[in-house]
Amino acid sequence: MLTLEKIKHAQEVLKEAIYKTDVIRADKPDCGCELYLKAENLQKTGSFKLRGAYYKISQLSPEEKARGVVACSAGNHAQGVALAALRSGIPAVICLPEGAPISKVEATRSYGAEICLVPGVYDDAYNRALQLQKEHGYTFIHPFDDEDVIAGQGTIGLEILSQIPDLDAIVVPVGGGGLVSGVAFAVKQVNPAIKVYGVQAEGAPSMFNSLKDGHIEALPSVSTVADGIAVKQPGERTYCYCRDFADEIVTVNDDEIATAILTLMEKQKIVAEGAGATPLAAVLAGKLPAIRGKRVCCLISGGNIDVTILSRVIQRGLLTSGRQCTLNIELLDKPGQLVAVSKIIAACGANVTGVHHEHAHAGSDVIGCFLRIDMETKDFEHIANIKAELGKAGFRIC
């Protein structure tokens, strides 16, 4: 059974293995609350997952350790298990979905674990890990539906309470539910008045759907930029803990997640992966109106974003936050038109980053042409102002 004493024991055990990560006051952006960020992206292995994995392995019997361990993961739990196994001197086999970011796969391999790539998503890797457990007698280290793992993750809740006085709410990412279960349980044992909110990706709302419908449900598929929480089905234990101790679960879409990743990088100088940015995404998108005016901590659960997709995520974040815009303008093909458009854009304070000119198509003025302009802008209000000024000057925006 999960108890507060068990979580406190995990806290003692983990002192030798983890960092007590900082809490950062986030003065920007203005999101209607006093906002703090728990920087688990700066934890060893770049994620909170080391806590649960290390504590679980520390509690194994000598016989279980001798057989070695097997685990399944989208990447972060894999690294946590691999490092914990390495520190304990035992062999580890890690099953990862073959679509897991290469950076996470190679990081796991660097800790000495044997890698088994499995076609599909997390749940397919989970089934393969269970098969290997039966074939070789390994000890299975579940990524979330395990009391010891949940206790390890719950140590974050105790840390946050010790770091932020008079806290009103904690916002936590949710995949299989191990993190939010541990944090919510720990926090509610100490102070039941503190709210604990979970956030899932719209493309993987397994816990959200299960709690809404009152029973555990499995999704047919998942698709989200937040690969760390792309889980088809919550665990039996985590479902119950979320039902009993989490105050609410909300969802955010990939555009909102991309905006949060960009905001963390630009405003706080923090690199977060998709899953780690979901709490801030929910706050920025106004998904939790009850936190307005409150003292709130967003748990940034990990920073292991694949650098090959980081530029695409940033681009998406720029577009969805109005920081970048493309305008298609119809004008006459005569001298001075481009200069006139450029002057208006410059006067409005935008920065032109790309220009493409082409002759008009059928149905347009015979001497017409189209101008496509890429710009750096401030926000959507700024874009609307530029469009209005171009319209006043007689330019037609397509």
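Helices (H or I, at least four residues) and strands (E, at least two) are DSSP runs, numbered from the N terminus. This is a predicted model, in which local features need pLDDT of at least 70 and side-chain atom pairs count only at pLDDT 80 or more, while totals for chains, interfaces and linings use all residues. Residues are numbered from 1 along each chain as its sequence is written, and side-chain values use heavy atoms, with hydrogens and water left out.

**Surface patch**

- L338, V352 and V355 make a nonpolar surface patch of about 230 Å².
- V352 belongs to strand β12, which covers residues 351–359.
- With a relative accessible area of 33%, V352 is partly exposed (buried means under 20%, exposed over 50%, partly exposed in between, with a 1.4 Å probe and protein chains only).

**Largest pocket**

- The volume of the largest pocket is about 310 Å³.
- A pocket is an open set of points on a 1 Å grid, where a 1.4 Å probe fits, with protein on both sides within 12 Å along at least five of seven lines; lining residues have an atom within 4 Å of a point.
- Among the 17 residues that line the largest pocket, G99, A100, T224, D227 and A230 are the closest to its centre.
- The lining of the largest pocket comprises 11 nonpolar, four polar and two charged residues.

**Second largest pocket**

- The second largest pocket has about 210 Å³ of volume, and of its 15 lining residues D123, Y126, F144, Q233 and P234 are the closest to the centre.
- Helix α6 (residues 122–136) supplies the largest share of this lining, four residues.
- Seven nonpolar, four polar and four charged residues form the lining of the second largest pocket.

Technical notes: Patches are made of residues with over 30% relative accessible area and no salt bridge: like charges are joined within 9 Å, nonpolar side chains (Val, Leu, Ile, Met, Phe, Trp, Tyr) within 5 Å. Accessible areas come from the Shrake-Rupley method with a 1.4 Å probe; for residues, only the protein chains shown count as cover. A salt bridge is a side-chain nitrogen of Lys or Arg within 4 Å of a carboxyl oxygen of Asp or Glu. Grid points are joined across faces, edges and corners, and a volume is the space filled by probe spheres set on the points. Ala, Val, Leu, Ile, Met, Phe, Trp, Tyr, Cys and Pro count as nonpolar, Asp, Glu, Lys and Arg as charged, and the others, Gly among them, as polar.
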